[in-house]
Amino acid sequence: MDLKYVQTTCPYCGTGCTFNLVVKDGKVVGTAPYQRSPVNEGRVCPKGTYAHEFVNREDRLKVPLIKKNGKFEEATWDEAYKLIAEKFKGYKPSEIAVLSSARTSNEENYALMKLARGAFKTTHIDHCARLCHSSTVAGLAASFGSGAMTNSIDDIAESKCVFIIGSNTFEQHPLIGRKIMAAKKNGGKLIYADPRYTCTGKQADLYMQFKSGADVAIFNCLMGEIIRNGWEDKEWIATRAKGFDELKEMVLRDDYLPENVEKISGIPAEQLRTAAEWIGTAESSTLLYSMGITQHTVGVDNVKSTANLQMLTGNIGKRGGGVNALRGQNNVQGACDMGALPVVFTGYQKVIDPAAYKKFEDAWGFPDGICAAANGYEVTTMVNVLADNPGELKGMYIMGENPMLSDPDLTHAEHAFKNLDFLVVQDIFLTETAEFADVVLPAACYAEKVGTQTSTERRVQMWRKAQDPPGDAKLDWKIIAEVAAAMGYADQFAWESAEDIFNEIAELTPSYHGMNYERLAKPEALHWPCPALDHPGTPILHIGKCAHPDGKGVMHALEWKPPAEVPDDEYPFILTTGRILFHWHTGSMTRRSETLDKEVPTGFVEINTEDARALGIKDKELVRASTRRGVIDVPAKVTRDIMKGVMFMPFHFAECAANRLTNNALDPICKIPEFKACAVKIEKIQEA
Ligand code: SF4
């Protein structure tokens, strides 16, 4: 049998595992291990194992679609481009919004950012990082001057104490879970804090179950105990940090004594003392978190708290230490790096910085200039503007995102999107959002393209082409370049390959300056910052100094604040949402993977055994979940593994969409919604 093996990078989570796609007769038919990957050493999780199954699905988009009289009709590319150019040329720049994609490559995110700011001249560009880790970008940038995971995945295995909070790492980033087990094998302790006793919690030496929304109080308590016992790293604080006195005053307040934080969080005081001792006295201690920390109205405060703890104990710029934000989608780090955010060009160069603005304006050479030197709308603001000020935003271009399932309070989001005059969606399947579009453009998937993606540990790795796209589907960057040409900007998008685009990125982006395809093709690839061609890349950030101009880390004194919506008589439980092992985000790929979909074919709500008994609810029974924003019917999963008073729902399933229920209250700084805590009522469905 004539099989070909094409090495590529996983299209699901931010771990960045590498595997081979198996190709037979020009079609992808399976996956196989790629042993030389330093990230996963040939192993993958179930999502990686079956990452070929959606590639050749019959329902892949194959031709452009234009909606006429409420129905999609097949169209030619020329018809689609002509309509898009006519519509977008008719809008003022401020009336156009663009959503880029954490699932597509760096090159494609860069191309769309250039289309938005250069051709559409709008400042309104964002992507789904807003919904998962915008608080990481803002919080870590405020603390260290750089908003990314500080250490490498490999480095976790070196740690003598691994503290995980708000991340079910063994399910969501399973191959990072292996490094945690390696740390344990090397004598490290594992502390796990989460409302659910997950498979990660079951491996922990200390499990602290807490009520969603108590994070800042927990961190202040741990830091207060560390200072009271003299376990802080006095030298690190004296030489490398600012703000210690204010932090100390805050965390030593009686409010944050273990007995008082037990009342806020539900964690027994003795457990808090033990955790503080293990973290404070370990030779090295790493902190891992994910959306359990970030998706709150105090998401930025939560992230700053993680940085506070690691600076206090001198665990920044050190092997086995760090603040390790585990990014969700395969290229969410890269989409941020590429400036698919409303305030920055590539490499976090601020749009409002005159020097950065001029650099991009000059390099791009648009004859009629680029967008205003101003910040644009975040995706959450776009949706609110659409809902509240119909007509202010008229046209929207979305590449590879599915806000009709991923946004909070979906009823509100649907109402908002109906107020658009014109919506273009570029994707590989007809998603819930594409159904709303006026024009749908069929795109190639990861297995059909060359490009790069940047994993959670800032490692920039390659995708390689294994087969042709189906039907008339095209590469995302090609589509973008052809839309730009239809708008009259062919010269600015005259790339012949993804490599041409990458070279343009490297030229304009200091942290990517030293990268090119030849260097990235090696199994180990490169971690940014990599400022020169002879630079080896940077697996650990902030060694010797932080990225702020004065080199200091900034400690922030933070007061604990409760979630925007807390339980009451009418809605007596806390609802929290998250992911499960077999599915990924809005399920557009995993639910089209036969094996993964068979494993978990629909959603559920986890209910504590005692709560279920009190409500008269049995396992697997269909129950009604309602909040102030919506109602869904969903199967119950009765379990002792969730805290009493808390309900958990995975958010992948359109037929029982958790986001019908979630709250769109936002963090005031980064505008992330509070997906992780709202008030919910659960009822038995009465027979008619
Ligand atoms: Fe893919 Fe993440 Fe699984 Fe690795 S851990 S195979 S990157 S989904």
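This is a predicted model: local features need pLDDT of at least 70, side-chain atom pairs count only at pLDDT 80 or more; totals for chains, interfaces and linings use all residues.
Where does Thr-380 lie? You'll find Thr-380 in helix 18, which covers residues 379–388. And what is Thr-380 in contact with, once we leave aside its neighbours within four places in sequence? The partners are Arg-130, Leu-131, Leu-666, Lys-671 and Pro-673.

Now, please find helix 17, residues 354–364. Its buried residues are Ala-356, Tyr-357, Phe-360 and Trp-364. If you look down the axis of helix 17, these buried residues fall within an arc of 100°, so they line one face of the helix. On the face turned away from that buried side, you'll see the exposed residues Pro-354 and Ala-355. What covers the buried residues of helix 17? The cover includes helix 3 (106–120) and helix 22 (498–508).

The largest core has 128 residues, and the ones with the most contacts inside it are Phe-88, Tyr-397, Tyr-446 and Ile-682. Helix 3 gives this core its largest share, eight residues. Let's zoom in on Tyr-397. Not counting residues up to four places away in sequence, Tyr-397 touches a list of residues including Phe-88, Leu-112, Phe-120, Val-424 and Ile-479. Apart from this core lies another one, of 47 residues, and among them are Phe-210, Phe-219, Met-223 and Tyr-289.

Conventions: Residues are numbered from 1 along each chain as its sequence is written. Side-chain values use heavy atoms; hydrogens and water are left out. Helices (H or I, at least four residues) and strands (E, at least two) are DSSP runs, numbered from the N terminus. Contact means heavy atoms within 4.5 Å. Buried means under 20% relative accessible area, exposed over 50%, partly exposed in between (1.4 Å probe, protein chains only). The arc is that of the directions from the helix axis to the C-beta atoms. A nonpolar core is a set of buried Ala, Val, Leu, Ile, Met, Phe, Trp, Tyr and Cys residues joined through side-chain atoms within 4.5 Å.
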